[in-house]
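Subject: Structure handover

Hello,

The structure we spoke about is below.

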Amino acid sequence: MSDPHEHRTPVALKGLSADDPHLQPAAPNPQLVEKVIAICFVLGALCVAGFGACYWINAQAWKLGATMGFGLFFLGVGLVAWGKYLMPQGPFVEERHTLANSVADRDAFAAAIVERGGGVVQRRKLLGGLLGGGLGIFGVVAMFPLLRSLGPLPKTTLQHTDWAKGSYVVDQSGRRVQVGDFAIGSIATVFPEGTQDSDRGQAVDQTVLIRVSNEAFTTMKGRESWAPKGYVAYSKVCTHLGCPVGLYEQELQLLVCPCHQSMFNVRNGAIPQFGPAPRPLPQLPLYIDSSGFLRSQSDFHEAVGPGFWEHQ
Amino acid sequence: MTDVINTQRSKREALGPYGRVGKTLGELDDRLGVAKGGRTFMDKIFPDHWSFMLGEIALYSFVILLVTGVFLTLYFTPSQSYITYHGSYLPLDGQKVSQAFASTVNLSFAVRGGLLMRQMHHWACDIFVGAIVVHMARVFFTGAFRKPRELNWTIGTTLLILAILNGFLGYSLPDDLVSGTGIRIAYSIILSIPVVGSYLGFLVFGGNFPGTAIIPRFFILHCLIVPAIIVGLVGAHLFLLVRQKHTQFPGEGRTEKNVVGSPMFPVFMAKTTGFLFVVGGITALLGAFAQVNPIWQFGPYEASRISYAVQPDWYMGFLDGALRIWPSWSFHNWGHTIPFEVLIPAVILPGLIFNLAFVWPMLERKFTNDHEIHHLLDRPSNRPKRTAAGVAVLTFVIMLFVASSTDVLAKFFDVSLNTMLVAMRVLVIISPFIAYPITYKICRELQGFVGGGKRKTPNVVTRTAEGQYVATPSPVYVDDVHRGLPATPVPTFITEEPEDAGENGVRVVDR
């Protein structure tokens, strides 16, 4: 019985005789391994051909994937096994030369930069400064077409929505909401008339309208006239990250944001009761006009949605 | 007759001893001088260890991403303009959808092999980022990032960030309800940056959210710019690997001055090409049998709609978890707002984590005063502090990932969402402090246990003619030889700390 340590000692690849044990396959029984690998390759080839057939007859996606997947898998396993068991087992050793050069070479390199280059720059400081200045200006100026052209400036667009004095409250389909439309506990997403089909209307003006009672409802001090006949309206844009506050817990009268589970109490001004949202949802002051339509008294009194630097 | 033979022989002689191959190589060498370098390349030695395969998984899933991605670009329309859907997926018939969404549904159902390619692309991305993370953990815990490989560690960390970024960009392209919500959140995160946030948001989105520019912009970033940077950095990563040669675990005949393993040609080439096929095969099987991101079930994006179990791809989970559990601390004064509830978990926290990764080799050099060049890898248990610190950071990030499922977990455990959220806050904070000392202790125990985790060799019992029983140890398994060698002793420049040195937290950088 040979000592396994002996022929597992690493040797250099160069100059090995053909009968060296390091060049023999790693498998103790190569014939068997060869048969197994051959089976892998046959299976792989069959599967890959099957992939072609499946494609030809426009088979379902899973059949395409299964034939291609098993095909590649078997071909790959066979090839890995070939490399692992039937090719020279080694181990071989390779010298690792130090990457670092001699001190003299380093000094010569540094001297080339410092003496040749540095000398030139130091003697022509003015030219260097002028070139640097010119390139610096270009760097700043080049930012304008590259960055400034990408979009308009925000100005005050983040502070306002399209709700204005007298805007009609309409639902998703553009129908004006009337005072008798909602039963108590009903909820809907509404928009200022004319914006319900626009991207901005969907993203910025979206408002959730809930009927909480039959009487005028006060959510907070100073908002006595904002919710006539129990119609309460809040911005639907979450003050955390701007997801639509799309869930309504009817029993507790909580609006819930599905993204990060902020909860807003409908009865007391949508003050966040739970979760990461920092501010209440802004409330939209409503009134009912003489024909019974719901309309807004004004825009929201603060910016809707998540926080930003200019948020008042 | 003899003439013909002579002609063939003279032809053969003219070709030289290595025939046509030799002739072609000769012609190449005349022009490019490839013989010497080519031989060196063929003889390049790759050390064998299963953990060196993890980086290959990352590389090959990236190859799959490129191939399947090219297929997808042929059928995808990067446009947010609306059309009315009349395609082969009937439940959506007549709906107003963006062209991006419609073309994604079409390439899934109407293009032959399209659904498979799309699912393979998505799975390959999940595998890509996952393989990078695991590969990075291997490099970290075995100390492969040490001098001279700090630069390659930096490139690798950059690649992880780019992979996550490009994953997010690609996930956003179909303009479906779930990914649109993701874009909305990304916009809000940009807005949260003090002073310049709203300007940045407007520049990135070409105006206020949603606008019509974001899908075309994400498309060019996702398909050209970021992949080009990734290809360049992968090239640099591999160039440095060849230039500096592989690290290897200590073992018989292995020193700082050599590399022991299999040669590039043919052994490594066969194994690695086979492995490319294996990774491709497994990705195709996942694409065939595991449905991923069925956007037709989510529907097109509309800013006022939302679906309730909104969750990003796994690699964004830690960010989402951090956003969920961070308290609602917003700074609001003097007419200005700093949304700390977003800024800290979504900007500062990932910034800290990735910067810690970037500077770790430098920190370790400074605190251990180890400026040596290392080519032999560490056994993780021989560097208990580094290992414990790494496990603590991983635990922290994994707990953040778990926190991104508070709603699902609350439902699963049938507890209130509040309880779940408070529990996750506590777990995220304390679990690294628990993980650190436990890992440290395990490492110290393993150090004292030579030969732990190895296959034992049996004793062979034989009976002599006289009836005497003799037990002799059987020879070591051939494959086990290098594992059967004792671990290298801890180098002298590492001072062994007393047992109580396990201060908790991620900033402990001694070993």
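The largest cavity in this predicted model has a volume of about 170 Å³. A cavity here is a set of points, on a 1 Å grid over the protein atoms alone, where a 1.4 Å probe fits but cannot get out, and lining residues have an atom within 4 Å of a point. Grid points are joined across faces, edges and corners, and a volume is the space filled by probe spheres set on the points.

Of the 20 residues that line the largest cavity, Leu158(A), Val204(A), Val304(A), Gly305(A) and Asn208(B) are the closest to its centre. At least two lining residues each come from α6 (199–205) of chain A and α8 of chain B, and α8(B) has the largest share, with three. Helices are DSSP runs of H or I with at least four residues, strands are runs of E with at least two, and both are numbered from the N terminus. By class, the lining of the largest cavity divides into 11 nonpolar, six polar and three charged residues. Nonpolar covers Ala, Val, Leu, Ile, Met, Phe, Trp, Tyr, Cys and Pro; charged covers Asp, Glu, Lys and Arg; the others, Gly among them, count as polar.

The structure holds three cavities of 30 Å³ or more. The second largest cavity has a volume of about 60 Å³. Its lining has 12 residues, and Arg146(B), Pro361(B), Glu364(B), Arg365(B) and Asp370(B) lie nearest its centre. Here α14(B) supplies the largest share, four residues. This lining has eight charged residues, two polar and two nonpolar.

Next, a pocket, meaning an open set of points with protein on both sides within 12 Å along at least five of seven lines. The second largest pocket contains about 1,100 Å³ of space. It is lined by 42 residues, and the closest to its centre are Leu165(B), Phe168(B), Ala186(B), Ile189(B) and Met316(B). Elements of chain B that give two or more residues to this lining include α7 (150–172), α8 (177–191) and α14 (340–368). The most come from α8(B), which gives seven. The lining comprises 34 nonpolar, five polar and three charged residues.

On the cysteines: one disulfide (a pair of cysteine sulfur atoms within 2.5 Å) turns up over all chains. It joins Cys243(A) to Cys259(A), with 2.2 Å from S to S. Cys243(A) sits in the loop between β6 (231–235) and β7 (247–249) of chain A, and Cys259(A), 16 residues apart from it, in the loop between β8 (254–256) and β9 (263–265). The link is left-handed, at -90 degrees about the S-S bond. Both cysteines are buried, where buried means under 20% relative accessible area, exposed over 50% and partly exposed in between (1.4 Å probe, protein chains only).

Cys47(A) counts as buried, at 19% relative accessibility.

Last, the domains of chain A, whose bounds come from an automatic or database domain assignment. They are domain 1 (4–93), domain 2 (105–150) and domain 3 (169–296). The centres of domain 2 and domain 3 of chain A, taken over C-alpha atoms, are 59 Å apart.

Residues are numbered from 1 along each chain as its sequence is written, and chains are lettered from A and ligands numbered from 1 in the order in which they are written. Local features need pLDDT of at least 70 and side-chain atom pairs count only at pLDDT 80 or more, while totals for chains, interfaces and linings use all residues; side-chain values use heavy atoms, with hydrogens and water left out.

Regards
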